Amino acid sequence: MKKGENFDKKQQHYGHKKNESPKMRQSNFEQRPNKKQELAKVNGGVFVYSKPLSVSELSEAINTPINAIIKYLFSQGKMITINQILDDDTIGELCLEFGYDFKKEKVVDATHFEELEIDDDPSLLEERPPVVTVMGHVDHGKTSIIDAIRHTNVAGKEAGGISQAIGAYQKEWNGKKVTIIDTPGHAAFTAMRARGASVTDIVVLVVAADDGVMPQTIEAIDHAKAAGSEIIVAINKMDLPGANPVRVKNELMAQEVVAEDFGGDVLTVEVSAKTGKGLDDLLDAILLKAEMMELKANPNRYAIGTVLEANLDKGEGPKATLLIQNGTLSQGDYVVVGTIYGKIRRMVNENGVSLKVAGPSTPVSVIGLSEVPQAGDRFMAFPSEKQAKEVAEARALKKKEEERGGSAALTLSDLNNIVNTGKIQDMNIIVKADTQGSAESLKANLEKLSNDQVRIKVLEARAGAISDSDVLLASASKAIIYGFNLRPDARVKEKAKEEHVEIRTYRIIYEILEEVEAVVKGMYKAELTEKVTGSAEIRHRYKITDVGVVAGSYVLDGTIKVGEKCRLIRDQVVIYEGKINSLARFKDRVKEVSKGYECGITLHNYQDIKEGDIIECFEMVEKEEKNA
């Protein structure tokens, strides 16, 4: 569609004209079917239905007399009445008997638009740009390649030279557009990288020619395969003396990524982001792969897609980067994103140019949402504010019900119960970040640092400034607040000081992870193990007035001390556990008696002793860890 061309998508919303009530498809949108609604239809000899049908409804739909249906079922030993509901197997059997193929469509209402399976008329489909995600190991040059393609310098602006959020761009090459998503390369962003792959057609896997396949390279391959995306390998840094593309291809083959010149079907391109070598070939390879995939979409429908990134802008409010995957998004459209809704007040591309409309495979930054959405949420446009609001409210209610019924929801009482068990040491953390993607990534990776002794619980991970309510939650739950790319204002700092809450701020995510990992190791509560300090055999039993029963004993090993923990063992069975109440040698009270000496022992609140019993003293000590 050319810029400025009159766009008539409002005339055709899921196959319906503007003046008709808006529907996704009859089988995909109607929430309350009425008796007049078309429940099934026959198209080209195929009977298509979406819900259980009675005998009379099936008779009408396939234009077959009711008596014929009942007669056939009777011949098969089935006694069926006119209003009886038929199961899917019986409907299929009847369709085949009366000359029809059959198909049951899945019903998806508006509150579950993520599950919508779009089935457009092929005549309405148009070629769309491929969505390409650039992935690979940290510092292998992903963002630098995109910089070189776009002739910009994004990498130099990134804190630490590492991508911290998803960026989406478009490049025109040989008259065709390519949408490129740059995903962060550090291990902290596994979840964000997975989200990038889930919306992409082609993954450009960047591997440094001098470094080869690394752990995050393998992660990227796994994400690409899981998303069913095609892979093109860009072997970068070919300008370096140690470049060895053959070694890279061999290492990739071990991961079942086989290059074309090695007998496989994966395109490989040798490039250098520094010199620009091979970048034209990389773009050619992307367009060739896209042409083979025959990527198409219907621009004549309301937009549906995914949130790539979201943040709270001080001047403009909630802002989100959306990738339109089908349909066309227009300024003024009402959209539902996750559980929130809003009206698209402003829409710009990656260069800040305002757009009135944006078609399939276009990334745009939008303003007008009521709140900051979750990165990775699906979005859909609706024809009216009323409809968008109703759908958003229904989705929010459903989410609350799921959280209430699930075990993942946390309350202060839940946390107190967990801590009070004494079985595990908890470290509670609140994460606030400048973008939702960074907050999610921190949450996922912080919780991975938990071990058998220390469990990290991220109570909250959201985009937005650190607030008084965050400080109060941290105070109540004894949590530490981590801020990423944020600085608390003076009022919040003062509140944190009053509540004795520690706020730590960083600009590099992996520095937070490294610090928390060190804290986890420092918090490690050494495992306690039992150490036997002495044992004595009871050889006589005395009863002394004002003292009670005394065990005349001989110390077999170690030392017996007053007040020490002990157990009484009879025939290898522990019958008492307590402590040594008193010790005596002859008539003198003593504090301890060593091996080889006789003594009198009394146990605290226990007198049922017999000759031959063993008194064993012990203490709990920290288990010594052996160096690896």
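Student: Why is D211 called partly exposed?

Tutor: D211 has 32% relative accessibility. Buried means under 20% relative accessible area, exposed over 50%, and partly exposed in between, with a 1.4 Å probe and protein chains only, so D211 counts as partly exposed. This is a predicted model, where local features need pLDDT of at least 70, side-chain atom pairs count only at pLDDT 80 or more, and totals for chains, interfaces and linings use all residues. Residues are numbered from 1 along each chain as its sequence is written, and side-chain values use heavy atoms, leaving out hydrogens and water.

Student: Where is D211 placed?

Tutor: D211 is in the loop between β10 (202-208) and α7 (215-226). Helices (H or I, at least four residues) and strands (E, at least two) are DSSP runs, numbered from the N terminus.

Student: How do you know how many disulfides the whole structure has?

Tutor: A disulfide is a pair of cysteine sulfur atoms within 2.5 Å, and the search finds zero disulfides.

Student: What makes C566 and C617 buried or exposed?

Tutor: Their relative accessible area decides it. C566 has 1%, so it is buried, and C617, at 0%, counts as buried.

Student: And V246, why is it called partly exposed?

Tutor: V246 has a relative accessible area of 47%, so it is partly exposed. Its place is in helix α8 (residues 245-253).
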